[in-house]
Amino acid sequence: MAVFSVLGALQAIGEDGPIEFGGPRQRSVLGRLLVARGQVVPVGRLISDLWRDQPPPGAAGSIQTYVSHLRRALEPRRTIRTPARLLVTVPPGYALRAEHVDAWRFEELVRQGSRRLLDGDAAAAVAALEDALALWKGPAYLEFASADWALNEIARLDELRATAVEQRASAVMALGTPGSVIADLRAHLAEHPLREEGWRLLATALYRQGRQGDALAALREARRMLVAELGVDPGPALRRLEAGILAHSPELDLPGPARTAGWDDQSARPRLARDLPVGDIPVRGIATRETGPRVTPAEPGAAAVPPATSTEPPGAASAAAAPRAVPTVADGAVLLEISTAGPATALTAVPGGGEGRVRLFGRRSELSLLLDRSEGVALVSGEAGMGKTALVEEAAAVRAGQGARVAIGRCPATRGAPPGWAWTEILRTLTTAMPFDTAGSVRAGSLRGEGFHGRRAVAAHLRAAAAEAPIMLVVEDLHRADRETLDTLVEVVAETAGAAVTVVCTFRQEEAGRLAGTMAALARREPLRIALRGLRPGAAAGLVTAVAGVPVTRPALTAVAARTGGNPFFLRETARLIAAEGEAAALTTVPAGVRDVLAARLAVLPARVRTVLGEAAVLDAEVPGVHARGVDLDVLVAVHGGGEDAVIDAAEAALLAGVLVEPGGGGLRFASPVLRDTVYGALPRLRRARTHARVAAVLERLRPDEAAALAHHHALGGDPVRAARYALTAAERADLRYARRESGLTRGQGARPARDYASVARDRLRETQSPPTGASLL
C-alpha cells in the first residue's frame, strides 16, 4: 500500500520504492483526489479544476488517460482482470482509497494532543503534538499553492498547524518549562502576527520567566499589529492578561495549562440527527420516539402497523386540538400518517393502502436527514427513477404541515423556457403569501431580465421573510438548469446563510458534469448530500406488492428486486407488468417505460462506448443453467478486436455513467440485469447474431471448457450443429457430476440409469429460446 506525503512536495512510497507520477496535470489529478479525502470527485469537477473555464475538447478523455497512468504507477502489478484498489471508479467520477497520508496522520495526532491537553495530561499532549508537527517538510500541497481547488485545504491545514504550535506551547508551559517555548512562539508569530492566542502565550511565558517588561512589550506589539492591520483593539483575553501582569496576579504563576477551547471540542456543536438515540426521528427540533417494539411485516409488502408514536415539545403536554391531515410517509412497508395539532407534530401509524397513498419505501433515514435541515442547502442525487422527487416532495409536505412556507420549482426538460424558470415558479408560489414590497427591485413571480440585481433582491426578500416563518425551497432537476437558475441558487444560498431558509436541489448524478462550478460554490456552505441508491430487498418487495395489488410470490419478489437494482421507478413499472401479464413476464421483459428511460440514458454515451456495451451485453447474456459471472474482460477485448485500450477506455466511460460496475471479484458487470437487457434488446437482430458468433469463436479459443456457454452462443449465432454438440457435452458433464454426487450420497443403492443424451441436447437447445432473443433453434 502506498504512503503519501502532501505536507511539502507531493510524494509517495510504494512497495518498490518512490513512485513517479508523471507530468503536472497528472499530478494535479492525484493531488485533487487526495484533497477530497476519499470522497468521489466527479469528472466534471476534475475538468473544471484542471482547466478552469477553458477545457479542451478532449478533456474527459485526458482525465481517463491520466487516471489510467496513475493506476499503473500506484499498482504496477495489477492485471486487467483485477479491480483497482487505490484509485477506483465510482460514478460519476473517481476516488482515491488511500489509508496512509501524512496530512491525515497529522490531524489525528493533533486531535490526540488536544484531548490529552484538555484531560490535564500535558506530557502526553506534548508528545502527540511534537509528532504531528514533525510530519511537516514544507508548506502543504506545495506545488498546488496557486490552484483554486487546493486553497481551502491548504488554509485548513495551515490553521490546524498554527493551533498545534499553540497547544504544544500551552502543554510545555503546563510542565513548568515556559522558557523553552519562547523562541518557537516568536517564530510562530512572525508567520501569524494576528493570532491573539499566540501573543497571549508568549507574554505568559515571558512573565513566568521573570521577564515582566518583555511580557508587557509583547502585549504592546500585539496591540500595535492589531490596530495597524485590522483597526481593532486586543480582545478580552489579552486585556485581562495585561491587567494581571501589572497587578502581579497569582493566577499567572500557576503551572496548569491554558484551557482554551479544544480543537475537537464537541460542547458547542449543535445536536444533529446522527447524535440522537436509535429510534428518534427528528422533525424540526422535535424528537419522535417509538414507544414500543418495531413490528416487522410477516410477508414482503404486507402492511404493518407499528406502535403509536407521540411527539411533544420539551416540557409541554400534547396539544388536544383536532389534527389536520397532511401527506403520508412510508418506511419499507410501514406507512405513517403525519398530522399537526397545535405547535406539535404527531406521527400515527395507519394501515397501508393502495398505490395512491404509497409515497416512499425504504427512505426513512434520508427523510429524517432532510427534516433535520432547518437552513442551508441540501443536495439530493440519484439516477433516473431513484425517487428523488418523491423524497423531497414528502419532506416539503411535512415542513408545510409544520407551518413552513414551501415552494417548488422545476428546471424544464424542453427548450424555450425563459431564463431562471425554476425560480419563476418558486416566486409565483411565494409571492401569493408574501408579496414583494420593494418597489422596482424585482417583479413578483419573474426573474426574466433581472440579472444580478434581481438575484440579490430575491435573496434579500427571502432572508427577511424567513424571520416570520421558516422557508423551504425545492429546485428540481438541477442538471437541466440554465445559467440564470444556477447563479440565483448560489446567490440565494450565500445571502440567506444563517436564516431559516432551506434550499433542496435534486439532480441526476450521471448528468452532473456541467454543475461542477455550482457544486464548488455550494461546497463552501457545507451542504447536506444525500445520494439515493436502490431500495433494499424488503422495501423493494413492499413497493412491488403495494403497486401490483395482487399476491406476488417470494421468489418473484427477490428476483424483481435483483433485476431492477432496487430502482423505485423500475419496481413500479415491473409491478404493473406483473399485475397485467403475470410474474413470468416481469422476469424476462423490460417494461416499456423503463426501456424508454434507459434508452435515453444510453443515448448520451459516445458511439464507441455503445458498441462495446452491446458486445458486453451479448457476452453477459444469461446462459440457461449457468450462474451469471459478469463480463470476462479478456473475452470482451478479443470479441471487440480494437485493442485492449479501446475497450478499457469505453468501459471507463460506462463505469462513470453508472452503466457498468466493478464487482469485488474483478471484471465488469452491468449495473442491473434490466439495463443489460435494454442494451441487448436495442441491438439489430443481424448484429446480435453475428456478435454471438464472434463470442462463440473467442470462447472456443480462450474458454473451451465452457460447453454450456458455447452451446448458447452458437445457437444464437446461427450454428445449431455446433450448438447441439456443445449442449450434448454440457449434458454429459452435468450427468457425470450428478452421478458422482449420487454415488457419494446413496452408496450401495445402485447406479443411476443411463440418460438419453440426444433428448438432453434437444432440451438444452429449447432452453436457449429465452424471450429476449426470440431465436428458433429446432
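Apart from neighbours within four places in sequence, I63 is in contact (heavy atoms within 4.5 Å) with V29, L46, I47, L50, W51 and Y94. The model is predicted, so local features need pLDDT of at least 70 and side-chain atom pairs count only at pLDDT 80 or more, while totals for chains, interfaces and linings use all residues. Residues are numbered from 1 along each chain as its sequence is written, and side-chain values use heavy atoms, leaving out hydrogens and water.

I63 and F4 touch the most other members of the largest nonpolar core, which has 53 residues. Such a core is a set of buried Ala, Val, Leu, Ile, Met, Phe, Trp, Tyr and Cys residues joined through side-chain atoms within 4.5 Å; buried means under 20% relative accessible area, with a 1.4 Å probe and protein chains only. Among the elements that each supply at least two residues are helix 3 (59-74) and strand 6 (93-96), helices being DSSP runs of H or I with at least four residues and strands runs of E with at least two, numbered from the N terminus. Helix 6 gives the most, 7 residues. A second, separate core of 47 residues includes L636 and A707.

F4 also has a place in the strands, standing opposite V101 in strand 7. Strand 1 (residues 3-5) and strand 7 pair in the parallel sense over 2 bridges; pairing requires at least two bridges found by DSSP. The open sheet has 4 strands in the order 3-2-1-7, with mixed pairing. Its edge strands, strand 3 (17-18) and strand 7 (100-101), each pair on one side only.

How values were computed. Buried means under 20% relative accessible area, exposed over 50%, partly exposed in between (1.4 Å probe, protein chains only).
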